[in-house]
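Please open the model in your viewer and keep the selection panel at hand.

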Amino acid sequence: MKQVTRDNRREWFQEWANEYDNTLGKLKRHHKMLDLVVTLSGIKRNDQILDIGCGTGLLSLKFLNKTDCTITAIDSSSQMLRIFQEKIEKFNLTEKIHCSQASAEDMNFKPDRFDIIAATVALHHVKFKEPVIKNIYDCLKGGGKFIIGEIDMDTTGRLDDPRRLLRILNFLNEEFVLAMKEGGMQAFERMYDNGKKHILNDGEYCIGFSQWAKLCKNAGFKNVEVSPVKEFEWFKVLVATK
Ligand SMILES: C[S@@+](CC[C@H](N)C(=O)[O-])C[C@H]1O[C@@H](n2cnc3c(N)ncnc32)[C@H](O)[C@@H]1O
């Protein structure tokens, strides 16, 4: 099987960037998850927020829509960032949002810097999650919140284990039908491509929320709480407090 490197994962997102807002960005369940992330974050005026794997900025813009805050946004794909930067300029938000190209694995922020660190459908691309979550803990202020929105799907295990394949396919069925219904053929094709990557662990390393919660507790987080996205319960949001 082809070796997955961080470079070819980045290339795949470069290619998806132009279609992103017309595929995943069109699905109601994605917006409901992002809205739940913003609500559960308890965001306050003037908060400092870090959005990891910001993509085309859908989550960052929802935070800013909720209240006045300052956002640092990072992503490993320059194409995703280009599209986000166009929106920032169009909406005159250059004072409020600062984007830069960086991977979650290479973040180098000062300790105790952010009130909220959020990542939606981004951290499952990180293969070795433990050091990244520890770094997130360090970058948060005391009492700060870490929030993840992700699919509650465990893709670990032997690649050809039939129980593993069935577990993944059951989740993907829901995704494919939704994509077809709400985003049409273009979204379906994209989700189908994502699905193959989940099955092959090809740049997608999903874990379940009990595993996310354990990683957070091991990093030192308190009050780790998981909430399902209403109507789309196979997506969940985790909030953990430093
Ligand atoms: C499915 S998109 C999610 C974008 C956005 N958070 C949202 O919810 O719409 C995943 C994003 O994570 C980025 N990404 C993937 N691996 C990453 C990594 N290791 N570090 C930072 N960003 C990464 C991709 O380039 C892509 O923009």
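How far does a backbone N or O atom of Ala104 lie from a nitrogen atom of the ligand? Select both: the separation is 2.8 Å, a polar contact (a pair of N or O atoms within 3.5 Å; within protein, one must be able to donate a hydrogen and the other to accept it, and residues adjacent in sequence count only if both atoms are side-chain atoms). This is a predicted model, in which local features need pLDDT of at least 70 and side-chain atom pairs count only at pLDDT 80 or more, while totals for chains, interfaces and linings use all residues. Residues are numbered from 1 along each chain as its sequence is written, and side-chain values use heavy atoms, with hydrogens and water left out.

Next, select Gly53, where a backbone N or O atom lies 2.8 Å from a nitrogen atom of the ligand. Then select Glu105: an N or O atom in its side chain is 2.9 Å from a nitrogen atom of the ligand.

Move to helix 2 (residues 28-41) and helix 3 (residues 58-66); helices are DSSP runs of H or I with at least four residues, numbered from the N terminus. Their axes, lines fitted to C-alpha atoms over the stretch in contact, with angles running from 0 to 180 degrees between N-to-C directions, lie 10 Å apart at an angle of about 45°. To display the contact (heavy atoms within 4.5 Å), select His30, His31, Leu34, Asp35, Val37, Val38 and Ser41 in helix 2 with Leu58, Leu59, Lys62, Phe63 and Lys66 in helix 3.

Finally, select helix 5 (residues 129-139) and helix 7 (residues 209-219), whose axes come within 9 Å and cross at roughly 55°. These two helices are therefore also oblique to each other. Lys129, Glu130, Ile133, Lys134 and Tyr137 of helix 5 make the contact with Trp212, Leu215, Cys216, Asn218 and Ala219 of helix 7.

Conventions:
Parallel < 35°, antiparallel > 145°, perpendicular 65-115°, else oblique.
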